[in-house]
Amino acid sequence: MLIFIRLFRILSNVKDVKLDDTDFSLIDALRKDARQTIAELSTQLGIPRATVHERIVRMKKAGVIRRFTIEQDYSKTGLPTLSFVFAF
């Protein structure tokens, strides 16, 4: 995880997106549970709710956060195997 964050920091500087440690902490918290409310994120990170909201909006506009999604457990939905088939 730490290698990914360091690599992301390098790439973020190339694209003129300035992210600090708080932004990376926010991204990590959202990666763990994207359904957290802004108030929960604020409490968890120890920063004001307005700051959390502003940073999320800024990162969405910059393309750092593209979407909020789920991770499906296929075995629980009756689809135990996920396959990709390539035909030539």
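The model is predicted: local features need pLDDT of at least 70 and side-chain atom pairs count only at pLDDT 80 or more, while totals for chains, interfaces and linings use all residues. Residues are numbered from 1 along each chain as its sequence is written, and side-chain values use heavy atoms, with hydrogens and water left out.

**View 1. The chain has 4 helices and 0 strands.** Along the sequence the pattern reads α-α-α-α (helices are DSSP runs of H or I with at least four residues, strands are runs of E with at least two, and both are numbered from the N terminus). Of the 88 residues, 23% count as buried (buried is under 20% relative accessible area, exposed is over 50%, partly exposed is in between; 1.4 Å probe, protein chains only). Among contacts with a separation of 6 or more, 45% are between residues 24 or more positions apart (a contact means heavy atoms within 4.5 Å).

**View 2. D20 and R55 meet through their side chains in a salt bridge.** The N to O distance is 2.8 Å (a salt bridge is a side-chain nitrogen of Lys or Arg within 4 Å of a carboxyl oxygen of Asp or Glu). D20 sits in the loop between α1 (2-14) and α2 (21-32), whereas R55 belongs to helix α4, so this pair links distant parts of the chain, 35 residues apart. D20 is partly exposed, at 34% relative accessible area, and R55 is buried, at 15%.

**View 3. D23 forms salt bridges with R55 and with R58.** For R55 and D23 the N to O distance is 2.8 Å. R55 lies in helix α4 and D23 in helix α2, so the bridge ties together parts that are 32 residues apart in sequence. D23 is buried, with 1% relative accessibility. In its bridge with R58, the closest N and O atoms of D23 and R58 are 2.9 Å apart. R58 also lies in helix α4, and the pair ties together parts 35 residues apart in sequence. R58 is partly exposed, with a relative accessible area of 33%.

**View 4. D20, D23, R55 and R58 are linked in a network of salt bridges.** The structure as a whole holds 5 salt bridges; among them are D20 with R55 and D23 with R58.

**View 5. S42 is placed in helix α3 (residues 38-45).** S42 counts as buried because its relative accessibility is 11%. Leaving aside residues up to four places away in sequence, S42 touches I47, P48, R49 and V52.

**View 6. F84, F86 and F88 make a nonpolar surface patch of about 570 Å².** Patches are made of residues with over 30% relative accessible area and no salt bridge; like charges are joined within 9 Å, and nonpolar side chains (Val, Leu, Ile, Met, Phe, Trp, Tyr) within 5 Å. F88 is found in the segment after α4 (49-62).

Methods:
Accessible areas come from the Shrake-Rupley method with a 1.4 Å probe; for residues, only the protein chains shown count as cover.
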